[in-house]
Amino acid sequence: MSVPPLRKAMHGRGQATLEAFGRDAVFSDLSFTYPLKLISPKIPAPNPVAIAYVLSYGGGLISGDQIDLDVETRKEATLILLTQGSTKVFPSRTIDRIRASDVFARKQDGITLDTTRQSLEAKVASNSNLVLLPDPVTCFAGSIYSQVQTFRLESGASLCVLDWYTSGRMSRGEEWVFERYRSVNEIWIDGKRAARDVMLLEEPNGRSVPPLAPRTLKSRMAPYSCYATLFLIGSAVAPVLSYVEQEMRSITQFQASSPAELIWSFSPLEHGGIVRAAGVETETVVGMDRVKQGKQPSNTLFRAPGPLRVSSEVIGQDVGALSTPKGETNTSVNIELRPWIAVPKSSEADLEELKRQRIACLWGIDRIHIWEEEVRNGTRYIWFIDVRTPVGFTDVAGMVSLNLYNSSDLSLANLLAPSPKAGSRVEGSLLFIYPKYRGQGILGAALREVEQRAAELGATTVTTNTRALDRNVQIYERMGYQQYKPPEKLYDLQQMLARSAVAPVLSYVEQEIRSITPFQASSSAELVRSFSPLEHGGIVRAAGVETEAVVRMDRAKRVISQDVGALPTPSTEKATSLAIELRPWIVVPKSSEADVAELKRQRIACGWYAERIPIWEEEVRNGTRYIWFIDVRTPAGLTDVAGMVSLNLYDPSDLSLANLRAPWPQTGNRVEWSLLYVYSKYRRQGFMGAVFRETEQKAVELGATTITGNTMALSWKVKTYERMGFKQYKPPEKIYDLQQMLARGLTEEHCYAAFLEKNVSPPRQYRL
């Protein structure tokens, strides 16, 4: 019987090379061809760590597709490879299914297998790490899949590889009905093979050992539907290996009446080990609750911050989690309490971090100098809550304090009270956790650390106070706290109202109403409005000839729209209720640690040019560039950093952009407006226009008559500039690298930049 010719297989190739530049991880090569796709989102990390997603167009691999990926992690860099879902292998498209056991016979007929193939070649340099944590492979009925993964490690490198697969689409009744599955993993260390693991699954095709009857693949794999293998090599995974070995030694073997839902084993290697697991469901392997049996190790497996599920889930989401009381979510991040050192004086970075946290929690920064003095004289301890993520970098999750003497209320803290008032009570206070780290058990973990330190100081009771709301009180009660006296009115009402989200709006509306001059109109106004103050707020009433008039309320400065509280701005731009101030980056005699850290934070957040900060610093030092931090002054009197902006006075690569400080005779009067970045929480509030007006004035003061800028040549971006008076002065040019844009999830059109300019020279005045 003839078999129709197979379609031409798609061959996708990819290359990812990661290098470390100081604390930054940079892909010197990130390229791919269809059907492979590589995306690398930016993550905030003080160490050279990068994440890349390995994707395929269409959500899976069609029969005959071939993927070849080469990965190289160079010295002191850490690369995490992930997928966004299970690798789906679609069935073979031949009319007659070609059985894997018939390879020789069918090749004689001139027919090749319609096999889906994946190949990975990885090189890991000394002191670098590679983490491969994909979702499982799911082979559809009739599919043929083969993968070969080779890892070549230098001495001192670390590796974590998860290789797992499921039985198929169980929801559609497909269970172990694919044609063939083959997976090969090889690990080489300094040119010597340290491990080779081969898994081959296929139907027996009638072959059996007499007198045994042939068994189907499904019967051989039952009752489990998910199998996983985890390879752990190197010093970075040593805590995990230690935990697994300890758990393995604690297992007691016995005969069971029925198969366990989860089984696992551990095979030690010279430089690491291999964990194998099988579960009745995929979720069983992900959780591995029965492996832990309620025990928690002291170290964390690989997990990245935020929404990324990067933990090596073969040993469970909660591996490395801190034990938490019932009712509180476990966390897979280790915490460390780092003390605030105030002697001989506080570091600028610590003071900036304290200010940032107090602004974030809306309680102000006015008491920081008081706490500093208390820390200095020993009546208070303050710790930063550092979280150590498994990929090796540290982030600040929040803060917590122990007060040893509260002169206003000795029932809270009296450990260091003067005799005879001294007692054994200390107060846990100033606890704050950044939103991205909430719901992970850090609250409980931090309080347990504080309780232990309180006991070491000689305290027998830890007190605290929180708002008398049921949910707040219940959180503390779950951790063993109990109320020891009735609630008291402690917080000022006006202070609480000032923290309301609508307080700035109320203030602005009252100001607008007071500014209205009553007069007799000859005809009815298109829009009328009034304001009635209340004890805790107010009521705005409005009436308009059309619905749009009330929605926009242009004549009332948009009193009840989302732009309430706006400062007057051009009609084409949204307004901001926050006053801004451009604070220069001072680099002479040298840059402050806090400013450099803030610059890095912003460049990492926007995903552009963190590696160029030293270059900009030198340009600022020699006077060819100005960089300002955009400070915002909120109505409550707090200052926060909203972003950054720069004026470039000399661009040797393109003098049409900036030539004000160019050497003679190239000197001109053009400066470039660049490096504008605004944190997401401050966007759509008119900052772009407000910042431009400030920098425009500074450019004029420097002697410039023209401000230039370049942006991606997208119509909406160009129109944003045009609304501020810019116009294009030369055709768009391709200045961004295509592979770099593709790696960011963008397209080829994002590679082109539009060049714009605006005349800012003051009008000439003529004397008559």
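You are looking at a predicted model, in which local features need pLDDT of at least 70, side-chain atom pairs count only at pLDDT 80 or more, and totals for chains, interfaces and linings use all residues. Residues are numbered from 1 along each chain as its sequence is written, and side-chain values use heavy atoms, with hydrogens and water left out.

**The whole chain**

Of the 768 residues, 46% are buried. Here buried means under 20% relative accessible area, exposed means over 50%, and partly exposed lies in between, using a 1.4 Å probe and protein chains only.

Now colour by pLDDT, the predictor's confidence in each residue, from 0 to 100. The mean for the chain is 77, and 76% of its residues reach 70 or more. Strand 12 (residues 144-153) has the highest confidence, at 95, and helix 5 (residues 289-292) the lowest, at a mean of 35. Select residues 289-332: pLDDT stays under 50 there, and the model has 130 contacts beyond four places in sequence for this stretch. Residues 763-768 also stay under 50, with zero such contacts. Where pLDDT is low, the predicted coordinates should not be read in detail.

Next, select V71, L130, F151, L153 and I187. In the largest nonpolar core, of 47 residues, these touch the most other members. Such a core is a set of buried Ala, Val, Leu, Ile, Met, Phe, Trp, Tyr and Cys residues joined through side-chain atoms within 4.5 Å. Strand 2 (residues 24-32) gives the most to this core, with four residues. A second, separate core has 41 residues, including L647, L660, V718 and F726.

Go to the loop between strand 2 and strand 3 (36-39) to find P35. A cis peptide bond joins Y34 and P35, with omega about 5°. Another cis bond, also with omega about 5°, joins A222 and P223. P223 is in the loop between helix 2 and strand 16.

Stay in that loop and select S225, which sits between helix 2 (217-221) and strand 16 (226-233). Is S225 buried or exposed? S225 counts as buried because its relative accessibility is 2%. Beyond its neighbours within four places in sequence, S225 has contacts that include Y165, W176 and V280.

**Positive phi without glycine**

Select D190, in the loop between strand 14 (180-189) and strand 15 (192-202). Phi of D190 is near 50°, a positive value in a residue other than glycine. D190 is partly exposed, with a relative accessible area of 48%. Then jump to L430 in strand 22. L430 is not a glycine either, yet has a positive phi of about 55°; L430 is buried, at 17%.

Show helix 8 (residues 442-456). At 1.5 Å a residue, its 15 residues should span 21 Å, and its end C-alpha atoms are 21 Å apart, which agrees; the expected span is 1.5 Å times one less than the number of residues. Its buried residues, among them I442, L447 and V450, pack against elements including strand 20 (380-388), strand 21 (394-403) and helix 9. Just after helix 8, look for G458, with a positive phi of about 105°.

Move on to helix 15 (residues 687-702), whose 16 residues should span 22 Å; the end C-alpha atoms are 22 Å apart, in agreement. F687, V691 and F692 are among its buried residues. The buried residues of helix 15 pack against strands including strand 28 (639-648) and strand 29 (670-678). Just after helix 15, G703 takes a positive phi of about 105°.

**A helix crossing**

Finish with helix 6 (residues 348-360) and helix 13 (residues 593-606). Their axes come within 7 Å and cross at roughly 55°, which makes helix 6 oblique to helix 13. Axes are lines fitted to C-alpha atoms, for helices over the stretch in contact, and angles run from 0 to 180 degrees between N-to-C directions. Angles under 35 degrees count as roughly parallel, over 145 as roughly antiparallel, 65 to 115 as roughly perpendicular and the rest as oblique. To see the contact itself, select E348, A349, E352 and R356 of helix 6 with E593, A594, E598 and R601 of helix 13.

Methods: Helices (H or I, at least four residues) and strands (E, at least two) are DSSP runs, numbered from the N terminus. Contact means heavy atoms within 4.5 Å.
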